[in-house]
Amino acid sequence: MSGLQTLQLKNFRCFESLELDLDKPLILIHGANGSGKTAILEALHYLCYVRSFRALTPQDLVRFGANGFFIKAVFNDQEIKSGWLEKKRHLKINQKNVESYQELRELYRVVTITEDDLELIKSGPEKRRHFLDNALLLYRPDLMLLFKQYRVVLENRNALLHNLQFDEQELEIWTKKLWAHTQKIQQYRDEFCKMLQTSVIQLFQESGFSDYKLSICYIPKQFAESVTEQEFLKQWQSSIKVEELRLRRSLFGAHLDDMGIFFCGMPARYYSSRGQQKLIVLLIKIAQI
């Protein structure tokens, strides 16, 4: 918790009011079940990601009987405030409204590990993409605009495909844009996976598990990075376009890719024990830090 000095909660989960001094290199939290240990960690997580790691909506975080919650932390002498009131999020740094999450991530970064993180191995590609993008944007907050642009392009292209009467030229324009943004995102994701792989291997060796082999790699669903735009368009026209028109959605792009986690050369999802899966997740999170 380096840099974190104080935390204040109001009407958050079970706390009507709580103030903590956290200006120490190591903090241990103990207490009876239901006393709010996880809620404290959840508040610290919320300040970074503006969402909970266990609740679906901010309303779920509000103390029973209250109409909103408030979180304030001082981090490296910078004040961060976040809250939920009248169905609206509020986020400020040093009394100024935050214009983009990039501002927040450049100041305050949190890596959280919970039992649900086993889904990183046990679940499908969506969970791994979610982890990968969160980890990448924590490492490179400046990439947030790229991911935002990608979502806009994907939504516009899907909207066009959903409309059976559309201009072929317009579809090709959005197709090229989606491919171009995919190429950039795939490059950054691939580089980050290689960094994670290097760090995890080192952690395995330092922890005395050098006999085990763990590999992390990026797996594009369609088209390798080396494909040119012309080659891509040719493949799209011949093998994907018809199916996209039938299903009315984009069947290529960074939103479909996966992060492979292999244990001793085999998919960790199927060929590692629960204990080994916990070890893998823990080392991936430490490597992320």
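Which residues have the most contacts inside the largest nonpolar core? The legends below start from that question and then visit other parts of the chain. This is a predicted model, in which local features need pLDDT of at least 70 and side-chain atom pairs count only at pLDDT 80 or more, while totals for chains, interfaces and linings use all residues. Residues are numbered from 1 along each chain as its sequence is written, and side-chain values use heavy atoms, with hydrogens and water left out.

**View 1. The whole chain, to get your bearings.** The protein chain holds 9 helices and 9 strands; these are DSSP runs numbered from the N terminus, with helices (H or I) of at least four residues and strands (E) of at least two. Its C-alpha trace spans about 60 × 55 × 30 Å along the principal axes. Of the 289 residues, 42% are buried (buried means under 20% relative accessible area, exposed over 50%, and partly exposed in between, with a 1.4 Å probe and protein chains only).

**View 2. The largest nonpolar core.** Here is the reply to the opening question: Met 259, Ile 261, Ile 280 and Ile 284 have the most contacts inside this core of 48 residues. A nonpolar core is a set of buried Ala, Val, Leu, Ile, Met, Phe, Trp, Tyr and Cys residues joined through side-chain atoms within 4.5 Å. At least two core residues come from each of α3 (119–122), α4 (125–139), α5, α6, β7 (214–219), α7 (229–247), β8 (258–263) and α9 (274–288). Helix α6 gives the largest share, 11 residues. A second, separate core has 32 residues, including Phe 15, Leu 22, Val 62 and Ile 80.

**View 3. Ile 261 and its partners.** Setting aside residues up to four places away in sequence, Ile 261 touches Leu 120, Ile 121, Arg 128, Leu 214, Ser 215, Met 266, Pro 267, Ala 268, Ile 280 and Ile 284. Arg 128 turns up again beside Ser 123, which is in contact with Arg 128 and Arg 269 once neighbours within four places in sequence are left aside. Ser 123 sits in the loop between α3 and α4 and is buried, at 18% relative accessible area.

**View 4. Helices α5 and α6 side by side.** The axes of α5 (residues 144–162) and α6 (residues 168–206) come within 9 Å and cross at roughly 145°. Axes are lines fitted to C-alpha atoms, for helices over the stretch in contact, and angles run from 0 to 180 degrees between N-to-C directions. The contact residues include Leu 146, Phe 147 and Tyr 150 of α5, with Leu 171, Trp 174 and His 181 of α6. By type, the residues of this contact are 12 nonpolar, 5 polar and 5 charged; Ala, Val, Leu, Ile, Met, Phe, Trp, Tyr, Cys and Pro count as nonpolar, Asp, Glu, Lys and Arg as charged, and the others, Gly among them, as polar.

**View 5. Asn 134 in helix α4.** Asn 134 has its place in helix α4 and is buried, with a relative accessible area of 15%. Leaving aside neighbours within four places in sequence, Asn 134 is in contact with Tyr 49, Arg 51 and Arg 105. Val 111 is 23 residues away along the chain, and the C-alpha atoms of Asn 134 and Val 111 are separated by 9.7 Å.

**View 6. Gln 78 and Asn 94.** Gln 78 belongs to strand β4 (residues 78–85) and is partly exposed, at 28%. Apart from neighbours within four places in sequence, Gln 78 is in contact with Ala 73, Asn 94 and Leu 107. Asn 94 lies in the loop between β5 (88–93) and β6 (96–97), and has a positive phi of about 50° although it is not a glycine.

View 7. How many disulfides does a search of the whole structure find? The count is 0, where a disulfide is a pair of cysteine sulfur atoms within 2.5 Å. Cys 193 is buried, at 1% relative accessibility, and its sulfur is 7.4 Å from the closest cysteine sulfur, in Cys 217, so the gap is too far for a bond. The sulfur of Cys 264 also has its closest cysteine sulfur in Cys 217, at 15 Å, again too far for a bond.

Definitions and conventions
Contact means heavy atoms within 4.5 Å.
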